[in-house]
Amino acid sequence: MTRIAFLDVDGTILEHGSVIAPTTATAIRRARANGHLVWLCTGRAEGDIHPDVKAIGFDGAISNGGAFITRGDELIAEHPMPRAHLDVLERYFEAHGIHYFLQTHEAVFASAGAHERMSSFLRTRAAELAAHGTPAKPPVTPAPRTRPLDEVDRDRVAKAVFISPSIDTVSHAATELGAGFHVIPGSIPLPGGSNGEIGPAGVTKGSAILEVLAALGLSATDAIGIGDSWNDVEMFEVVGTPVAMGNAVPELQRLAGRVTTAVLDDGVHNAFADLGLI
């Protein structure tokens, strides 16, 4: 029986911009060799997925939290944010002094201050991992690949990622922006403040997975979803077998019901082995 697995990137395949467990690539390639399908299912822009992750080999990719779906070089679905919604969103960020990134299918565009904040975080994260002797095979360059905000095509924006000095921006944004937006907490372990993701309502990893399953003629019963972040909730809701990473917060682990080990503790490999894909 062919099964299809949807894998988050950060915190599932990749340790937040740092390293990939060596067993992860082996497990994915072995599962595909065994006749199963493995798709990326990430909040990242497709152009921002690190080449070392792409080099593992996948059958397709859901990116930008469900806004874009690709198979090979073919873009098979796209759901960018309405321009009027984006205008409202940017006015909100500017009014509250919030740093942010805008994501299109091709790239990530940073507001003033956002690039510097993330560069500093990733350098610190890489140094912490090195100090603890974390294996780095393969290494992932600790620098965000962003472009200046004034280069973005605002008719192609899928979602925004924000970094706020306030601890309650997720709830505040959800209330102030209203029902047309999907606001969720982020998973960047920054010191202080808060971070999160904002996209158009109804565009989620779960909605994109349903599109993929319909296109492939597969049942949700045969689908597996593995992730660690709040943008994985809708994925957990639509697949037959949701799996939370061992590094996911306890609330997400309870939502999934099934939990594997952490991202650098062979989490993907152990999940695939437990489910009989390898």
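Predicted model: local features only at pLDDT ≥ 70, side-chain atom pairs only at ≥ 80, totals over all residues.

Me: What makes A271 a buried residue?
Reply: Buried means under 20% relative accessible area. A271 has a relative accessible area of 3%, so A271 is buried. Its place is in helix α9.

Me: Which other residues of α9 are buried?
Reply: Helix α9 spans residues 267-274, and G267, V268 and F272 are buried there along with A271.

Me: Why can the buried residues of α9 be said to line one face of the helix?
Reply: Seen down the axis of α9, the buried residues fall within an arc of 130 degrees, so they line one face.

Me: How far apart are A271 and I224 in sequence and in space?
Reply: A271 and I224 are separated by 47 residues in sequence, while their C-alpha atoms are 9.9 Å apart.

Me: What share of contacts in the protein joins residues at least 24 apart?
Reply: Counting contacts between residues at least 6 apart in sequence, 64% join residues at least 24 apart.

Me: How many cavities does a search of the whole structure find, and what makes a space a cavity?
Reply: The search finds 2 cavities of 30 Å³ or more. A space is a cavity where a 1.4 Å probe fits but cannot get out. The second largest cavity has a volume of about 140 Å³, so it passes the cut-off of 30 Å³.

Me: What lines the second largest cavity?
Reply: Its lining has 15 residues, and N64, G65, H182, E197 and V203 lie nearest its centre. Strands β10 (181-185) and β11 (194-200) each supply at least two lining residues, and the largest share, 4 residues, comes from β11. By class, the lining has 5 nonpolar, 6 polar and 4 charged residues.

Me: What share of the residues in the protein is buried?
Reply: Of the 278 residues, 52% are buried. The protein has 9 helices and 14 strands.

Key:
Residues numbered from 1 in each chain as written. Heavy atoms only, no water. Buried < 20%, exposed > 50% of the residue type's maximum accessible area, 1.4 Å probe, protein only. Arc of directions from axis to C-beta. 1 Å grid on protein atoms, 1.4 Å probe; cavity = no way out; pocket = protein on both sides within 12 Å on 5 of 7 lines; lining within 4 Å. Nonpolar A, V, L, I, M, F, W, Y, C, P; charged D, E, K, R; others polar. Contact = heavy atoms within 4.5 Å.
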